[in-house]
Amino acid sequence: MERVILHIDANSFYASVECLYRPQERRYPLSVCGDPEQRHGIVLASNALAKLRGVKTGMAVWQAKQTCPGLVVVPPDYQLYLHFSKMLREIYEQYSDRVENFGLDECWADVSNPGFSIEDGRRCANEIRNRVKTELGITVSVGVSNNKIFAKLGSDYKKPDAVTVIPPDHFQDMIWKLPASDLLYVGPKTTKKLRDCNILTIGDLARAYTPMLEYKLGKNGLMLQAFANGWDRAPVMPTTAEAAIKSVGNSTTTPFDIKTLEEARCVYYMLAESVGARMRENGFRGRCISISIRTADLYTYSCQKTIDVPTNITSEIAEVACRLFAERYQRYFPLRSVGLSCTSLSMAQAPMQLDMFDNHAKREKLEAVDSAIDGIRRRFGNQVIQRGIVLAEPAIARINPKDEHTIHPVAFFAG
Amino acid sequence: MYCDEMRPNENKVYVSVIAHHRLDGEIVPLRFKAEDGPAQHIVRVLEWCPSHSLKAGGQGMRYTCVLDNGNTIYLFHDRKLWFHEK
């Protein structure tokens, strides 16, 4: 049975939703941007008019305004985008039970059925495109092919509001002339490495001498060559609403540069509150605690530590993170952003090997405290109860990482 | 009255609604009232389907309603809010 896979990408998702909700502003160049005062001041998405005038995703707000005078800058409304993302998925699920999210605005859908050809896929894609346009008021571009990689290439091929079919039997004419950087997983660094080997297009990559690719790029080289030849057999993983959680983490760009250990402690406690609360909410304990930092000159470092007893107690997570930080990263001040995550998760109800010399009575008390705090926050909000250490920095205390800083990245190899 | 989900603009009128929540889970509006306007009775709902409003800016379940004054309007149910186009 021939596979028919769609990749559906909502065009300039955040900006399209904002334009839909802002009839007065949609005729001007518009960008959805983070808050410069919170130092999240970059362009997250722009409408077609803004793109036309050179505004690019990731630009600083001031840069975007300079590039495009008269640019309308609006703040993001993640709750609204999540709502739209859910509605998009509901539409896709009417066509297939195998729908895999790739971020908020992209999905793969496997619509293969016995007797269902790639042309039927095109019809299906057009129907989805029209429905999204009339029901939700935003546009999508759809790629249709027999594998996920080409389907994604197809959705990027023609935008907005378009369907592109990459026929499995003669895809070479269509995509081998495209630059290698169009391929999924070929970022700026890989592009440079490929260019060094005189590999400029996807076709060059497909025909390259395999041992040389492996030598230059390791096993990723083999993978990319397989992608370029359409040998991708990865199934569309039906991601149910609760995908298998492998780690729980949060990071935040702080409103000001972190320059002292006290400030760093304060942020780690705040992040640990969020990570701990989310682990408890989902019934997990974690054994491996990792911290990451980004310095003011944008270098990123990370390290991790495995602890003896899995935990979801906020103060334990925070203490491990702070100790790790104090040992490793003090020399990197000032810091722009810090992150904290827990991996090696196990179920909270699972039996646990106890340590004879550990103070279990104290841990049980801490767990009770955490669950009481969670209850209070659930009823009255995040700011109602806070740790004393966080109050030392009021600007940091105002951040609510659990609700505001949870992002939705999904890796291609997730699952 | 204002809530976080509201995106007011000059073409959009938020209204309070009295509706029939049917056994099958469908919601059918019966009457609505803008904050500073009179109550409007809906004589008939001709159809409802998910749609968007380019004029008022928004998206949701769109009810095509015939009012007792003979006019037909689109009433939108966007998440927890109701609005119609001006």
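This is a predicted model: local features need pLDDT of at least 70, side-chain atom pairs count only at pLDDT 80 or more; totals for chains, interfaces and linings use all residues.
**Exercise 1. Domains of chain A**

Solution: 
- Take domain 1 and domain 2 of chain A.
- Now look at the contact. Domain 1 of chain A brings 17 residues, and domain 2 of chain A brings 12 residues.

**Exercise 2. The side of domain 1 that touches domain 2**

Task: Find which element gives the most to the side of domain 1 of chain A that touches domain 2 of chain A.

Solution: 
- List the elements with two or more residues on the side of domain 1 of chain A that touches domain 2 of chain A: strand E5 (99-101), strand E6 (106-110) and helix H6 (148-157) of chain A.
- H6(A) gives the most, with 6 residues.
- Sort that side of domain 1 by class. It has 8 nonpolar, 2 polar and 7 charged residues.

**Exercise 3. Helix H6 of chain A**

Task: Work out how many residues of H6(A) are buried, and what covers them.

Solution: 
- A residue is buried if 20 or more other C-beta atoms lie within 10 Å of its own.
- In H6(A), 8 of its 10 residues are buried, and the helix is mostly covered.
- The buried residues of H6(A) are Lys148(A), Ile149(A), Phe150(A), Ala151(A), Lys152(A), Leu153(A), Gly154(A) and Ser155(A).
- The cover over these buried residues includes strand E1 (5-10), E6, strand E7 (140-145) and strand E8 (163-165) of chain A. It also includes helix H7 (172-175) and helix H11 (219-228) of chain A.

**Exercise 4. Helices H4 and H5 of chain A**

Task: Describe how H4(A) and H5(A) pack, and name the residues that make the contact.

Solution: 
- Helix H4 (residues 78-92) and helix H5 (residues 118-136) of chain A have axes 11 Å apart, at an angle of about 140°.
- H4(A) is therefore oblique to H5(A).
- Their crossing is right-handed.
- H4(A) supplies Phe84(A), Met87(A), Leu88(A), Ile91(A) and Tyr92(A). H5(A) supplies Ile128(A), Arg131(A), Val132(A) and Leu136(A).
- By class, the contact of H4(A) with H5(A) holds 8 nonpolar residues, no polar ones and 1 charged.

**Exercise 5. Helices H12 and H13 of chain A**

Solution: 
- The crossing is right-handed.
- Among the residues of H12(A) in the contact are Leu261(A), Tyr268(A) and Val275(A). Those of H13(A) include Ile317(A), Cys322(A) and Phe325(A).
- Count by class: 12 nonpolar, 2 polar and 2 charged residues in the contact of H12(A) with H13(A).

**Exercise 6. Where chain A touches chain B**

Task: Say how many residues each chain gives to the contact.

Solution: 
- Chain A gives 10 residues and chain B gives 13 residues.
- On the side of chain A, the elements with two or more residues are helix H1 (13-21) and H5 of chain A.
- H5(A) gives the most, with 3 residues.
- The side of chain A that touches chain B has 4 nonpolar, 4 polar and 2 charged residues.

**Exercise 7. Phe76 of chain B**

Task: Decide whether Phe76(B) is buried or exposed.

Solution: 
- Locate Phe76(B) in strand E5 (residues 72-78) of chain B.
- Phe76(B) has 22 other C-beta atoms within 10 Å, so Phe76(B) is buried.
- Leave aside its neighbours within four places in sequence. Phe76(B) is then in contact with Ser53(B), Gly58(B), Gly60(B), Arg62(B), Trp82(B), Phe83(B) and His84(B).
- Cys49(B) is 27 residues from Phe76(B) in sequence, and 9.7 Å away in space, C-alpha to C-alpha.

Note on methods
Residues are numbered from 1 along each chain as its sequence is written. Chains are lettered from A and ligands numbered from 1 in the order in which they are written. Axes are lines fitted to C-alpha atoms, for helices over the stretch in contact, and angles run from 0 to 180 degrees between N-to-C directions. Helices (H or I, at least four residues) and strands (E, at least two) are DSSP runs, numbered from the N terminus. Angles under 35 degrees count as roughly parallel, over 145 as roughly antiparallel, 65 to 115 as roughly perpendicular and the rest as oblique. A crossing is left-handed if the near helix is turned anticlockwise from the far one by less than a right angle, and right-handed if clockwise. Two residues are in contact if their C-beta atoms, placed from the backbone, lie within 7 Å. Ala, Val, Leu, Ile, Met, Phe, Trp, Tyr, Cys and Pro count as nonpolar, Asp, Glu, Lys and Arg as charged, and the others, Gly among them, as polar. A residue is buried if 20 or more other C-beta atoms lie within 10 Å of its own, exposed if 12 or fewer, and partly exposed in between; C-beta atoms are placed from the backbone.
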